[in-house]
Amino acid sequence: MRSAVVALVLLALPAFSQKFEFWPGAQYDPAIPSPEKVLGYPTGQKHATQADILRYFEALAAAAPSRIKVVEYASSWEGRMLIYAVIGSESNIARIGQIKAGVKQLTEPGKTNEAAAAKLVSSLPAVIGISGAVHGNEISSPEAAMLTAYHLLAARNDALTTAVRQNVVLLLDPLQNPDGRDRFVHNYRTAAGLEPDPNAASAERAEPWPGGRSNHYLFDMNRDWFALTQPETRGRIAYLKEWMPLVFVDLHEMGTDSTYFFAPGAEPYNPHLTKEQKDLGPLFGKNNAKWFDQFGYVYFTREVFDEFYPGYGASWPWYYGGMGMTYENASVRGLIARKSDETLYTFEESVKKQFIASVATCETAASNREILLKNFWSYSKSAIEEGRKEAVKEYILPRRGDTSAVDKLAYLLAEQGIEVRRAPAAFSNGGKQYPAGSYLISSAQHRKRMVRTLLDPVSEMDPAFLKEQERRRKKNLRDEIYDVTAWSLPMLYNVECVHASEATAGNFETITGTYQPKGAAPARATVAYLVPWGFQASGRFLAAALRADLRVTSAGKPFAQNGRKYPAGTLVVGVKQNDSSVHDKVARIAVASGAEVIPANSSWVDEGIDFGSNNAQFLRKPGIAMLWDTPASSLAAGATRYVIERMYGYPVTAIRPQALAMADLSKFQVLILPDSMGNYGSALGASTERIKTWVRSGGTLIGIGGALSYLSSGQVGLLGLQQEALAAATAAPAGRPADSAKPADAAKPGAGAPGPPSAAAAAGPVPGKILTSEDDFRKAIQGDREMPDAVAGVLLRAKPDHEHWIGHGLPETIHVLYNGRTIYAPLKKDKGVNPVIFAGPDQILAAGVLWEENRKQLAYKPFIVVQGEGRGTVIGFTADPNFRAYMDGLNIAFLNAVFRSPLGGGGRGQMAEE
């Protein structure tokens, strides 16, 4: 009955009153089931769930098993299956293994000669990939994927589909983010009313926090492609590495009032893309345009969506020699939307645009099969040749410092298809010695450009593009930088990477597989087990030890025993201070965590503090709570929770702000306020006083990024920080961008609306001033309190104070991902300490595009501040240490805050209650 009523309501709406044709005039084989036949409703009149999508592709595989194969490639955090479909002619599907092998041979010029390559080019199909809905609330692509599969399998008497079947093997991934998709569908269906509502403010179209964009851990997986933090991403990389499609399209959505975007992409391009790769963009764009013209759809190219950051789905394939393209479709975010021009835009129409673009892309690939294969072969040859000729012949990751981070990075590179070799013994290169276990990455390999993109400190941006951004800033226009401008993995991990000018001779083993910590059980100790601090592995050990109810202390200063030096922060697990299970627990945790554990059979130390010193801090087993809802940034909250839970294995209680008023805070010793998109004050209300009381009673409160404005506000007063306006001494003649108005501007009337007279206007005219140049004009229009221009994302150097507990285990310099425009003045010494500050103006910028005035003003400003409050501690991170969960080099700093905050208040850096 309900479905009949819904059908009648839809028919009553003008937008749904006629049968919608996705490919007018197409004739389909009745033996191939349509989406409507399998799912029970016309495409575009409901949103398919993950289960619906899977059911449809299984039905296709049953109907045409010789022309489509469905492959499971991953399982989401919530247990949903991810699949891709392999679609092609019977002959191509029958030789899948041969096709994969042939494509791989084109990446091996040392084994494949020109004649063999020419034969492969003439015989192989063009393997292409089309993937949808990496953002779960970008809803048109899964339905378009079902239509694309149906059309390619069932269309009859059609020259286009015949050519595609013969010349293309399509890898069709209909749903990259099933958890986010089903969250969106659930939110929509629970809010839906009598008829689809086109109003943008309607509950069915305005998603509650966190929305469906992200996966279970609230990751934007379109930024995760080189970090590989999420199981969905790892599965995708695995199958793309296996197939290496020549073309990869990632289908997305954008604002409802937009049109449609396809290749070529916008400037800037990553400097490691080849001319041949970039030239393919117009090839595909022109054919898409032909079809969009035919159907009457408008579009745009070369704007907004750039090709610089390598972590997008449409970017990563460039670096094995394919080409990547982002297609962006105006989103309905429901079943119908009213655009600002009052036109109605339906889900059906949005699906049709994605479908047309997908089919057009297949047609272009079919028509240019040989060009694509020849380019792929040439890419491999030129990559290896460049690697042999360029100054850097080899990258070396010495296995020293945080060796667990070095190991993880090496396997991360290998997992992406980069050849990484491990040294079984110590070796030398260029007169320098390197320890056994170090890793070597040759530049002379197929993925040479991926190697350079991920390991070079800087990926240079086109000077002409940068000059244009400075021109725009002078005119108060936003810059056109889309995402972060720095991502060097050795910097993110804070590990050493040597650029060697010669290749190392010797026998080395190539590593394969994924990173798995491997530790060894220590010999049985009689007094204590010692775990040196400063390693990811020691962080895993601590988290597991606390969960296992081991009593652990942490040395607040260095010491030495039996000729070995131990750093501040070293963990001490006393034998007599624990029960008889201590030996088995320590052995098990040592093996699982990969931590080095040294048995101590005497408490006597050669120098430094003793195990029982007042500078040795007992580490409590904390209950950790984190705010989890508006106004927290969902991405920041998810990454923070992921780092604690999945990287270090410790549970977090996620609490919604409204629940904090009734929560028993005595159950928690740590409360985290993630970076925010708004003000925590309005969300927390009266709970602020409960938080302040809890801190004063001994709690550790950690604020990150935007949360610091709340903690430092006059109403809260838990941090004595002050946000800075643009310093007059650093102000460039450039104007500020349009979105950098001073806070008071937020209350101004809308553009063009006359507001009440200002105090200055009421006081009469101001003294006259003669402007003699455009520079004078720009200065005249600047406000009295300007904020710094926003920065898209750069890596800054910071210097820890190693005598303060927050700096224990950190190297001399750490790298911080800074974005936005917020700059805080240092904490006054009567308030607390600034244990990690940014480097000086000449050293602060490690990589990326940083405006000159920001560079000067950020120098010596705090990254981490610590302030005592009663018996508790408040810790502030001015930038997110868990950004995208790929800032591994900041893990120890964050773990220090979470697990090693001193009892009795830590504002002055003491390790024991005074």
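Over the face of which residue does K353 lie, and at what distance from the ring centre? In this predicted model, K353 is placed over the face of Y297, at 6.0 Å from the ring centre.

A search of the whole structure finds 48 aromatic pairs. One aromatic cluster is formed by F226, F261, F300, F305, F308, Y309, Y312, Y482, W487, F883 and Y886.

The description now turns to a sheet. Strands of a sheet pair through backbone hydrogen bonds, in either the parallel or the antiparallel sense. Here, five strands make up an open sheet with antiparallel pairing, and their order is 19-14-18-15-20. Strand 19 (498-500) and strand 20 (509-510) are the edge strands, each pairing on one side only. Within the sheet, strand 15 (residues 421-422) and strand 18 (residues 439-442) are joined in the antiparallel sense over two bridges. For R421, the bridge partner in strand 18 is L440.

Helix 14 (residues 403-415) packs on it, touching strand 14 (394-397), strand 15 and strand 18. The direction of helix 14 makes about 30° with that of strand 18. Helix 15 (residues 448-455) lies across strand 14, strand 18 and strand 19, and runs at about 50° to strand 14.

Helix 11 (residues 275-295) and helix 13 (residues 369-389) pack with their axes 11 Å apart, at an angle of about 165°. Angles over 145 degrees count as roughly antiparallel, and helix 11 and helix 13 are therefore roughly antiparallel to each other. Their crossing is left-handed. Helix 11 contributes E276, Q277, L280 and F284 to the contact, while helix 13 contributes I371, L372, N375 and Y379.

The peptide bond from W209 to P210 is cis, with omega near 5°, and P210 is found in the loop between helix 9 (178-191) and helix 10 (231-243). T630 and P631 are likewise joined by a cis peptide bond, for which omega is about 15°. P631 belongs to the loop between strand 29 (624-627) and helix 20 (634-647). In the loop between strand 5 (155-156) and helix 8 (159-167) lies N157, a residue other than glycine whose phi is positive, near 55°.

How values were computed. Residues numbered from 1 in each chain as written. Predicted model: local features only at pLDDT ≥ 70, side-chain atom pairs only at ≥ 80, totals over all residues. Heavy atoms only, no water. Pairing = 2+ DSSP bridges. Helix = DSSP H or I, 4+ residues; strand = E, 2+ residues; numbered from the N terminus. Contact = heavy atoms within 4.5 Å. Axes fitted to C-alpha atoms, helices over the stretch in contact; angles between N-to-C directions. Phe/Tyr/Trp six-rings, centres within 6.5 Å; stacked < 30°, edge-to-face > 60°. Lys NZ or Arg CZ within 6 Å of the ring centre and 35° of its normal. Parallel < 35°, antiparallel > 145°, perpendicular 65-115°, else oblique. Left-handed = near helix turned anticlockwise from the far one by under 90°.
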